[in-house]
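Welcome! Here is a short tour for someone meeting this structure for the first time.

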Amino acid sequence: MFAYYFRLSLRSFRRNVILTGLMVLAIGVGIGASMTTLTIFRAMAADPIPGKSGELFTPQIDNYGPVNLGPDTQRFQTPDRLPTSLTYLDAVALMRAHAAPRQAAMYATNVAVTPADPKQLPFRVPTRATYADFFPMFEVPFEYGAPWSASDDQARAPLVVITRQLNDRLYGGVNSVGRTLTLNGDAYRIVGVADTWHPTPRFYDLNNAFDYGGAEQLYLPFTRAIAQQIHSNGLSCLKPVGSGWQTLLGSECIWTTVWVELPTAAAARAYRSFLFNYAQAQRDSGRFHWPAKVALRNVRQWLAYRQIVPQDVSTLVLVSFAFLGVCLLNALGLMLAKFMARLGQVSVRRALGADQRAILAQCIVESGTLGLTGAAAGLGFTLLGLTMARGLFANATSVLTRLNGGDIAIAIGVSLVTTMLAGLYPSWRASQVQPAWQLKTQ
Amino acid sequence: MLKMNHLSKVYRTDVLETHALRDFTVEVREGEFVAVMGPSGSGKTTFLTIAGLLEEFTGGGYWLDGVDTRGLNDRHRSRLRNEKIGFVFQSFNLIPDLNVYDNIDVPLRYRGLRGAERRRLIHEVLQRVGLSSRVRHYPSEMSGGQQQRAAIARALVGRPRLLLADEPTGNLDTQMARGVMELLEELHRDGATIVMVTHDPELAARAQRQVRIMDGRIVELEAEPALVGQGNVDGLSRAFSRTA
Amino acid sequence: MELRPILSALRRNKVGAILIALQIALTLGILCNAVYIVQQRRALIARPSGVDEADVFTVSNQWVGNPANMAALQRADIDALRRIPGVSDVFPAMDVPLNDSAMTLGITTNPDNPNSMRIAAAYMGDEHMLSTLGTRLVAGRNFSASDIREMDGLFGTRPPIGGLLITRDLSRKLAPNGKILGREVTIYPFLLRAPIIGILDRLQVPFVDGPDDKIGNMVEDSMILPWRYVGDAYWYVVRVKPGALDGAMRAAPGVLAGVSRARIIEKVQALSQARRDIYRANRTMVQMLVVVCTVLLAITAFGIVGLTSYWVSQRRRQIGIRRTLGATRMAILQYFQTENLVITVSGVVIGLLLALAGNLWMVEKFSTTRLPLSYLLGGVLTMLLLGQLAVLWPALRAASVPPAVATRTS
């Protein structure tokens, strides 16, 4: 029966091409708009490291205190007024305490790479200074070689891990492990080449959350970078600070973050109390005089806290789904008109033996067919919408405006289900017609 | 075949009560060809729609082929309609979107028959009414007489026990009307039970028995002994054993 | 025009009427909010930067290999750039307007009260900065050559400053009622102390795009410190005479290469292009909302046309009867227009509630401003007009139904 109803739907569409075409377009546009924003939203709100996002945490310590630093400062504060980075001293202290099985302090910077080929000009690359645990913690895949070790961190060894992208650029993609690379004029030895790895969003580097182009292309040991006085890309000092590298290191300026791996809930609880005790000890030592305040957030919590999805995207999601609502109301009305105009036919079928359920089924299949056709149009409009939406993101990487299989399935599903739901009432009305009434007025 | 006993049909709205049929008692035996006559508004169409299970009745009883139709649910009634009754309407009521083949196919679809079986039945009945050459045509491409023949084919394809015709020649010119009447008579000779509503006394005369309805009641005229075609039980299926 | 028959007819076609009313309601709700956002963004994009963008371009410069005398090289660069035909002024900058990265510092007249601190974008420039950018002074004076100090890193030696320039907006925040010219301010976190020697008409902070609008009314809080940055990565900002932009932009890299090849020039960009780039996200938002609104209106109109046409075809007989009873074509037309008006008005009433609800949500979540009454009124008028125009075609069709239709039985 289903194939029969499907054929009947197609025939009815052919009969009134213009009206059906407009209905399909209306549904398609609604699906297109809502699926565009939904695709982007899903990409932005996605779990960048599923399976591990519940085990990776980043600590925060309040080293600013409750002092009101003017109305402008408040504007840029987080909801709980905790700073989003740590001072150098705090980061190093946390690392030294080893309260987590895996841990890595890190900061973003950039270095000048001087290629071995003298004909090639030097260039700057985004860089991450971090500890050895970074790689196993975040499950960074390696093309060649391996990360440096904890003892290398200790020794401030001049080692470097480069990315595949950099490796391709410098060495044509061959195994460059063991070669020497000149960074900022100093020699480093390549110990590993990391394979292409783009967690989306880049939760540990929110300035380049969705920007593949701005992501780090090489990794240095944190200790070595500090020893070479390689400055962080950004820092925030709410307290007065003097000049000089050592002063900076000892100041309350914040520019490093720490990520730790805490595999069980018990481990997380233990770390949280360790963190609190640390802050408490700092207070007791006189460093600050306000009550200790700390936070420990895992990847998902961190992304929500930092409001990774921009306002505009949320607004557009709301607008587009309201828009879809209008399109479906529209389809409902037109389906009602269409089915009601065909009541005569329905009566004939009833007279020939169709019960109410059969009429209902026929109409629902017709609305489903409309939904499928609408889905096809919708996918076209979604692609259009995603192309247009690229302008919303600076350094537009296509990662956010790509349609993967899941998005396509959702689009088809939403179109089908919503159109069929919209068709329920008109179908029900059609099935309720008294056969005699329509035939009598003939 | 068709037995109504003190049947009544009342249409009720908030302000008005209309008695379309009152104390209606009639019996049509198998193989009879009955013409139902009456002025407009007398209730003959209502009688037909109730007989065809297209409407429910208010009081009394109606047995179709021995089945008590009172209190049947929609599913049961639809099934009875599909299996036992064939309709022929004044304005043909063919589905304009479908061609002749697909129009005749409709009742078979609701019976759940397989494709091959349906094809066989449809081609048989098309030959019976003489429309085999027009099988892919649309109603808009055929004359009135051809359309009515297609409608009759549709009514017959499911081998119904009872044919109900509402002014079958009302929209046809004299020549086409004659052709349709001849077909109906032929079907009757082959054992079909036919109840035909008409206002044309000439047409009514060609039936075996005439029944008159006035103000929702029966006023019977000229009863004739029933001619039960040659002792067969399944009269209409006999009609198909003939090939053109 | 009698309302009662219209209302009773609508009651019998309840569902269809409700559907149209709901479409109108949702459309109004979306329209008011979307148009408001569009207007806000367009105003955002139109904000002047305080810079003569048409005649200014920037050249990014990164020294490589740590050359010995970067200050001298910079002087040579600037001389060379000045010699390009059409160039009227040049200065080296750590940050430029219409660019995403910037330094922000705290500034206050009252160092004992941390709550009085304002945050402002800090530019570093020399005595040529104002004339290069075209930024106007409204009070006080520009830096003189002797005010400028060379600085090679924020955490290297930071020379003391003898004075600084701030924008008018910032001056109002620091001293709402009084004078600020000549008063000493303290800059955090470097604890610099210096008097305000000049007030600028306007100079935007570099990071202007903020669709999340966290910047808000801070957008013109800028200060200029008299430091010439001689570190290893910075910009040359070049001003040209009108019409000379393209030629100068083409010539600049070559001219600089003539001074030294030990550098990387990543970008030569006109400020007008920088403006286009930085506002791209906002522009896209405007475009998307405009598209949504236009299509939305079209779909609602289409729905009205479709459903009303169906009603007309269902009521052909009735229309014919009315005509035989003496109704004119105009009367039939008016009947359908009035019927549509009733539905539209009900839809508008619900729509106003939806518009306000939507706006309240945005105020809650995003701290935007309340929807002004004019937008609601404009939306209502638009929907009324849309309804009446959409129903015109089916209503005209209805009006042309001949009275003879009444006589046909089928």
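## Chain C at a glance

A residue counts as buried if 20 or more other C-beta atoms lie within 10 Å of its own, with C-beta atoms placed from the backbone. By that rule, buried residues make up 43% of the 410 residues in chain C. Please keep in mind as you read that this is a predicted model.

Chain C contains 11 helices and 14 strands. Its C-alpha trace spans about 105 × 50 × 35 Å along the principal axes. The radius of gyration of chain C is 32 Å, whereas a compact globule of 410 residues would have one near 22 Å. Take the contacts in chain C between residues at least 6 apart in sequence: 83% of them join residues at least 24 apart.

## Domains in chains C and A

How is chain C divided by the domain assignment? Domain 1 of chain C is made of 3–46 + 281–407, and domain 2 of chain C covers 66–261. The C-alpha centres of these two domains of chain C are 54 Å apart.

In chain A, the assignment gives 2–45 + 310–440 as domain 1 and 56–305 as domain 2. Here the centres, taken over C-alpha atoms, are separated by 49 Å. Where the two domains of chain A meet, 7 residues of domain 1 are in contact with 7 residues of domain 2. On the domain 1 side of chain A, the touching residues divide into 5 nonpolar, 2 polar and no charged.

## Where chain C meets chain A

Now to the contact between chains C and A, which takes 53 residues from chain C and 53 residues from chain A. Which elements of chain C each supply at least two residues to its side? They are α2 (14–46), β4 (118–124), α8 (280–314) and α10 (329–366) of chain C. The largest share, 17 residues, comes from α8(C). Sorted by class, the side of chain C that touches chain A has 30 nonpolar, 17 polar and 6 charged residues.

## Where chain A meets chain B

Chain A also touches chain B, in a contact that takes 21 residues from chain A and 23 residues from chain B. On the side of chain A, the elements that give two or more residues are α1 (2–15), α13 (343–351), α14 (356–389) and α16 (435–440) of chain A. With 5 residues, α13(A) provides the largest share of that side. By class, the side of chain A that touches chain B has 9 nonpolar, 6 polar and 6 charged residues.

Notes:
Residues numbered from 1 in each chain as written. Chains lettered and ligands numbered in written order. Predicted model: local features only at pLDDT ≥ 70, side-chain atom pairs only at ≥ 80, totals over all residues. Helix = DSSP H or I, 4+ residues; strand = E, 2+ residues; numbered from the N terminus. Nonpolar A, V, L, I, M, F, W, Y, C, P; charged D, E, K, R; others polar. Domains from an automatic or database assignment. Rg over C-alpha atoms; globule rule 2.2 N^0.38 Å. Buried ≥ 20, exposed ≤ 12 C-beta atoms within 10 Å, placed from the backbone.
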